[in-house]
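I opened this entry to look up the ligand surroundings and a few backbone details. My notes follow the order in which I checked things.

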Amino acid sequence: MSTNAHVIFLKRPGAEGIPADDNFGFEKFPYPASPDTGEVLIKTLYLSVDPALRCRMNEDTGVHYVTPWEIGKEVDGFMGVGQVVQSADPGFSPGDIVESQAGWPWVAFFKRKQEEQNPLRKVDTALLGGNLTLPLTVLGLIGLTAYLGIKEKGGISAGQNQTLVVSGAAGACGSIAGQLGRLEGCARVVGICGSKEKCLFLTEELGFDAAINYKTENVKERLATLCPEGVDVYFDNVGGEISDTVISQMNKNSNVILCGQIAVYNKDLPYPPPIPERIENRIKEMSINR
Ligand SMILES: NC(=O)C1=CN([C@@H]2O[C@H](COP(=O)(O)OP(=O)(O)OC[C@H]3O[C@@H](n4cnc5c(N)ncnc54)[C@H](OP(=O)(O)O)[C@@H]3O)[C@@H](O)[C@H]2O)C=CC1
Ligand SMILES: CCCCCC(=O)/C=C/[C@H]1[C@H](O)CC(=O)[C@@H]1CCCCCCC(=O)O
């Protein structure tokens, strides 16, 4: 019989801990010969490795909708894409491309029961142009997060001469959020990211007006130059000092879209992590929605 293999969670990084290889293990085990009625056998093709998974390494993630990983148990991510190998479910045929919340068996087959909480969905590959990772990025939760954030929380209206700043701007969510902000009508879109190459990607390929490299540039000074009329919308992926700096330059009645706080995920803090008192005060004084 062929063997399956999966990633298991061995130990938590602890307070202020940087994740390391030895937090994880790799285990082999037999995989079932054929699916039982109502089950399908799926080969993992792609798994989404998301920043929020870092929070699942803690004993408590701080939010009810993201559960902590259990020691000694299989690691599961938010989403994955696979291919049906065998099916005992009339809704699926061998060869179908499917997506679901996925465990992490590495390059191996696994057995998946249809579950109400975590349905297995067939992917319409005709929409993907051959790129099977799209359900994990722009056409999946990432794209939806950027879209809903910008649409529902941004307060953007065309013709209002609004300035949008995006942190984590070259990442999955940020790169989509910046482009959507432009399409919604922002007059100026500025991205903050961590390398020269990423800055060029934002300005030359994605249509951002400007980009700030937070590792080599003074974010406060560059923002003041690039956003002379202040910041109206802030799509916040990172939190920490960068966000404190942006919020300090936001206008009255402006909007922070609190998408994530990656800069503080290695700290043992509840989500969303607390912000300095002076920033809290500014948010109140300026009636900033966050
Ligand atoms: N609310 C929701 O439902 C969702 C929230 N999120 C959140 O959005 C954020 C981005 O996620 P996603 O786009 O998928 O992630 P990506 O992995 O695509 O991008 C994350 C980027 O963040 C930057 N980064 C990492 N550490 C720091 C730091 N200390 N300071 C500043 N920048 C940093 C890095 O780029 P660089 O080189 O620029 O530093 C990194 O590549 C995360 O906070 C995530 O939790 C994501 C999906 C859904
Ligand atoms: C714990 C901090 C969460 C910060 C917000 C965040 O990053 C959300 C992350 C999303 C991820 O990148 C893609 C998702 O699907 C996440 C949100 C949905 C979580 C559902 C999880 C359900 C479960 O664990 O059973």
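I started with residues 174-261, where the chain is 42% helix and 28% strand and the end C-alpha atoms lie 12 Å apart. Helices (H or I, at least four residues) and strands (E, at least two) are DSSP runs numbered from the N terminus. An unreviewed UniProt entry annotates residues 174-261 as "domain: Alcohol dehydrogenase-like C-terminal". UniProt positions are in the numbering used here, feature names are shortened, and such annotations may be inferred rather than shown by experiment.

I noted the ground rules: this is a predicted model, local features need pLDDT of at least 70, side-chain atom pairs count only at pLDDT 80 or more, and totals for chains, interfaces and linings use all residues. Residues are numbered from 1 along each chain as its sequence is written, chains are lettered from A and ligands numbered from 1 in the order in which they are written, and side-chain values use heavy atoms, with hydrogens and water left out.

Ligand 1. I found 19 residues around ligand 1 (a heavy atom within 4 Å). The closest are Cys173, Gly194, Lys198, Tyr214 and Tyr265. By class, this shell holds twelve nonpolar, six polar and one charged residues. Nonpolar means Ala, Val, Leu, Ile, Met, Phe, Trp, Tyr, Cys and Pro; charged means Asp, Glu, Lys and Arg; the others, Gly among them, are polar. Helices α1 (141-153) and α2 (172-184) each supply at least two residues of the shell around ligand 1.

I then listed polar contacts (N or O atom pairs within 3.5 Å). A backbone N or O atom of Ala172 is 2.8 Å from an oxygen atom of ligand 1, and a backbone N or O atom of Cys173 also lies 2.8 Å from an oxygen atom of ligand 1. A polar backbone atom of Cys259 is 3.1 Å from a nitrogen atom of ligand 1. Ligand 1 exposes 910 Å² when taken alone, and the protein buries 72% of that (Shrake-Rupley method, 1.4 Å probe).

Ligand 2. How many residues surround ligand 2? There are 14, and the closest are Asp50, Ala52, Tyr65, Phe78 and Leu141. A polar side-chain atom of Asp50 lies 3.3 Å from an oxygen atom of ligand 2. On its own ligand 2 has 630 Å² of accessible area, of which the protein covers 76%. I counted its shell as ten nonpolar, three polar and one charged residues.

Backbone. I checked the peptide bond joining Tyr271 and Pro272: it is cis, with omega about -10°. Pro272 lies in the loop between β12 (250-258) and α6 (277-285). Asn253, in strand β12, has a positive phi near 60° although Asn253 is not glycine.

How values were computed
Polar contact = N/O pair within 3.5 Å; in protein donor to acceptor, adjacent residues only side chain to side chain.
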